[in-house]
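Student: Could we go through this structure together, one question at a time?

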Amino acid sequence: MLGFFPTLYPGELLYSGIARYQIRSGNISPKSTIEELFNSRTITATADLPCGLDNLVLNLPSYSAITADSLIQNHTLYPFYAPFLPPKRAKRVKESMKSSKGGNIHTTAGVMASSLLTPEFLRFCPECSVENLEKYGETYWHRIHQIQGVIFCPIHHIPLQNSQIPIQGMNKHQYEAATELNCQIKDLDINYSPTETKQLIHLAQDIAQLWENSYPSRTLEWFSKRYRTLLIGRGYANVSGRVKQEKLIDDFLHFYDAEFLEVIDSIVNYENTSNWLSQIVRKHRKVFHPIRHLLMIRFLTDSIDTFFQNNKQYRPFGKSPWLCLNAAAEHYLQSVITDLEISHCLENKKPLGTFTCSCGMIYSRSGEDKTEEDKLRIGRVIAYGRVWENKLRELVEVKKLGLRATARELRVDPNTVKRYVALLDLTPSWTKNKPKIKSQQAKSIDVEVIKQRKRNIWLKLQQENPKLSKTEIRKLAPDVYTWLYRRDRHWLNDNSPILKRPRASINKIDWNIRDAEILVQAQNEVRNLLNKNKPVRITVGRIGANLGLKAFLEKHLDKLPKTKAYLKSVAETIEDFQIRRIKWAIAELDRQGEEIRSWKILRLAGLRRDCAEQVREVIEYRIRNCW
Ligand SMILES: [Zn+2]
Ligand SMILES: [Zn+2]
């Protein structure tokens with residue numbers, strides 16, 4: 001048992017507390033520190049999701065009230081990931097953190113699969129450091145500052161700075177405490193626009209809120225369903241859940257500053273239909289990074305609480321059931337609706353209720369309901385439903401009511417009646433004197449003429465405004481855009497300005513250092529691959545995947561000249577790989593004491609008889625030289 005252990009400060013990483021312990025204990029060797037704490041000499045000094053916590057707690061002084069759960073909740077990054085992991089997976093992460101074998105904590109938590117870049121150095125906020133020094137006489141590593149996507153201190157609203165301590169240090173058993181020496185304040189040569197700054201601060205605050213409230217983990221289905229409801233309520237999906245991708249991307253890019261998205265590796269664009277935004281609104285088959293969820297939550301709701309429906313007591317529309325406002329239904333004005341989703345209006349932040357009735361009608365209105373009359377108010381009808389449509393057909397085609405009478409019966413605007421008559425292709429009595437519908441041929445000629453006219457307008461707008469983006473041009477002529485989007489989408493996509501990529505974030509990564517580091521990692525990995533018992537082909541993709549850097553390399557290889565040249569020199573073509581397999585097969589046959597024959601080599605190497613000539617030559621040459 002330890003004689004002492006430092007009291008952890010608010011928001012301090014456990015890693016940081018251990019580093020302070022190491023200094024006070026006077027241990028010179030990092031390995032003796034981890035042995036004292038974890039009864040193991042192989043524990044890695046991990047800042048975000050450490051393991052071995054059960055042993056650590058057992059070793060704490062007897063007066064300590066600390067439990068493994070409280071360490072995990074208050075001094076690691078677990079509560080950042082947990083709300084977005086399915087309950088079983090979150091439990092597995094927690095169990096791994098308690099056990100002395102970490103196993104694949106990071107893979108289970110979904111950290112590895114994400115395309116977000118992890119910070120390279122432990123970071124600090126200059127003002128937090130000053131405050132900590134004044135209050136505690138020392139500074140420490142704050143967990144909020146170490147998260148991907150947290151660029152600003154949520155308390156002081158200033159950019160964080162890199163310390164000199166790399167997150168994956170040279171000695172993986174060494175814990176480094178934050179000191180004035182390794183947290184030197186530099187003049188940052190980065191300019192953030194006011195919008196970018198505001199959004200970066202919001203994101204950091206949202207993360208802080210995540211662990212203040214410790215939301216329970218939810219299943220993938222829960223997230224799919226929740227997003228679907230919110231998307232429908234906001235008009236980004238139709239009632240059956242089909243997402244209006246273009247509108248969604250438009251509004252998302254309008255809501256978030258492009259440079260902000262770039263800084264947190266979450267850029268989206270129209271061209272790439274497999275971008276994360278398009279994926280997160282589909283059925284969830286995988287875990288998404290918390291940052292991506294937080295972006296969606298702020299975009300679709302007013303707060304994380306709303307998203308997780310945390311505040312169950314808040315009832316802006318009173319208690320269930322609610323009134324059906326479908327005049328075509330038999331239960332009109334009766335309290336029959338039990339399905340209410342509450343979100344928040346983006347503009348005025350008021351609660352927005354979406355009521356779904358069994359008769360098929362879905363309507364929404366903003367709250368709160370203050371009077372009895374409020375309960376009769378429809379803000380927007382999202383769907384009228386089958387019952388209403390059948391009634392409309394009956395009134396129009398069987399009872400042959402006039403336009404206004406029909407509208408009165410259904411308690412809607414005459415324009416709504418007109419729209420649905422057209423949509424449902426009904427034959428109303430009030431249009432009997434209309435000119436006869438043109439023949440199909442005449443109609444399609446008309447469409448061609450209109451199409452050409454619309455295309456010309458769209459092209460002309462681009463010529464006149466060469467600097468505008470697709471979205472901006474769209475605003476100049478929304479009707480032309482909508483027409484082309486509905487009927488001529490392919491042409492529209494091929495004949496629109498390409499989304500400009502925002503300027504790359506400057507100076508955030510020292511590419512030279514990064515290049516040198518990755519080069520070493522890649523060299524080690526190639527050595528590993530070459531030492532495998534059975535040959536595997538050396539490709540850039542495989543090296544990247546094994547290092548957990550696949551997406552990073554795909555995106556940034558051009559910024560890493562040394563690594564790029566090295567990878568190019570070692571990557572094998574199919575033929576290279578076949579030749580290597582042959583050499584291996586010969587050595588293997590030799591080792592097994594087998595006769596070295598051409599067919600045996602081919603079979604062991606898994607090659608077909610008709611392989612390339614060059615490969616056959618190698619076999620011949622090798623056999624000749626073996627004998
Ligand atoms: Zn701060
Ligand atoms: Zn109803």
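Student: Which residues are exposed on the other side of helix 8?
Tutor: Keep in mind that this is a predicted model. Helix 8 spans residues 126-136, and its buried residues are Pro 126, Cys 128, Ser 129 and Asn 132. They cover an arc of only 160° around the axis, which puts them on the same side of helix 8. On the other side, the exposed residues are Glu 134 and Lys 135.

Student: What do the buried residues of helix 8 pack against?
Tutor: Start from the buried set, which includes Cys 128 and Asn 132. Those buried residues of helix 8 contact two strands: strand 1 (121-124) and strand 2 (161-166).

Student: Which residue just after helix 8 takes a positive phi?
Tutor: Helix 8 covers residues 126-136, so look just past that run. The residue there, with a positive phi of about 80°, is Gly 137.

Student: Which protein atoms are the donors of the zinc ion (ligand 1)?
Tutor: Along the chain, the donors follow the spacing C-x2-C-x24-C-x2-H. Each donor lies 2.1 to 2.3 Å from the zinc ion, and the atoms are Cys 125 (SG), Cys 128 (SG), Cys 153 (SG) and His 156 (ND1).

Student: What is the arrangement of the four donor atoms around that zinc ion?
Tutor: For four tetrahedral donors, the ideal angle is 109.5 degrees. Around the zinc ion (ligand 1), the donor atoms subtend angles of 105 to 112°, which makes the arrangement tetrahedral.

Student: How many residues apart are Cys 128 and Cys 153?
Tutor: Both are donors of the zinc ion (ligand 1). Cys 128 counts as buried at 5% relative accessibility, and Cys 153 at 1%. The pair links distant parts of the chain, with Cys 128 in helix 8 and Cys 153 in the loop between helix 8 and strand 2; their separation is 25 residues.

Student: Now to the rings. How many aromatic pairs are there?
Tutor: Rings of Phe, Tyr and Trp pair if their centres lie within 6.5 Å. By this rule, the count is 34.

Student: What kind of aromatic pair do Tyr 136 and Tyr 140 form?
Tutor: Tyr 136 is partly exposed at 27% relative accessibility, whereas Tyr 140 is buried at 5%. Their ring centres are 6.2 Å apart and their planes make an angle of 65°. Planes over 60 degrees apart count as edge-to-face, so this pair is edge-to-face.

Student: Over which ring does the charged end of Arg 218 sit?
Tutor: Look to the cluster that ring pairs make from Phe 84, Tyr 215, Trp 222, Phe 223, Tyr 227, Phe 307 and Phe 308. The charged end of Arg 218 is 4.4 Å from the centre of one of these rings, that of Trp 222.

Note on methods. Residues numbered from 1 in each chain as written. Chains lettered and ligands numbered in written order. Predicted model: local features only at pLDDT ≥ 70, side-chain atom pairs only at ≥ 80, totals over all residues. Heavy atoms only, no water. Buried < 20%, exposed > 50% of the residue type's maximum accessible area, 1.4 Å probe, protein only. Helix = DSSP H or I, 4+ residues; strand = E, 2+ residues; numbered from the N terminus. Arc of directions from axis to C-beta. Contact = heavy atoms within 4.5 Å. Phe/Tyr/Trp six-rings, centres within 6.5 Å; stacked < 30°, edge-to-face > 60°. Lys NZ or Arg CZ within 6 Å of the ring centre and 35° of its normal. Donors = N, O, S within 2.8 Å, 3.2 Å for Na, K, Ca; no water. Tetrahedral: all angles 85-135°; square planar, octahedral: opposite > 155°, others 65-115°.
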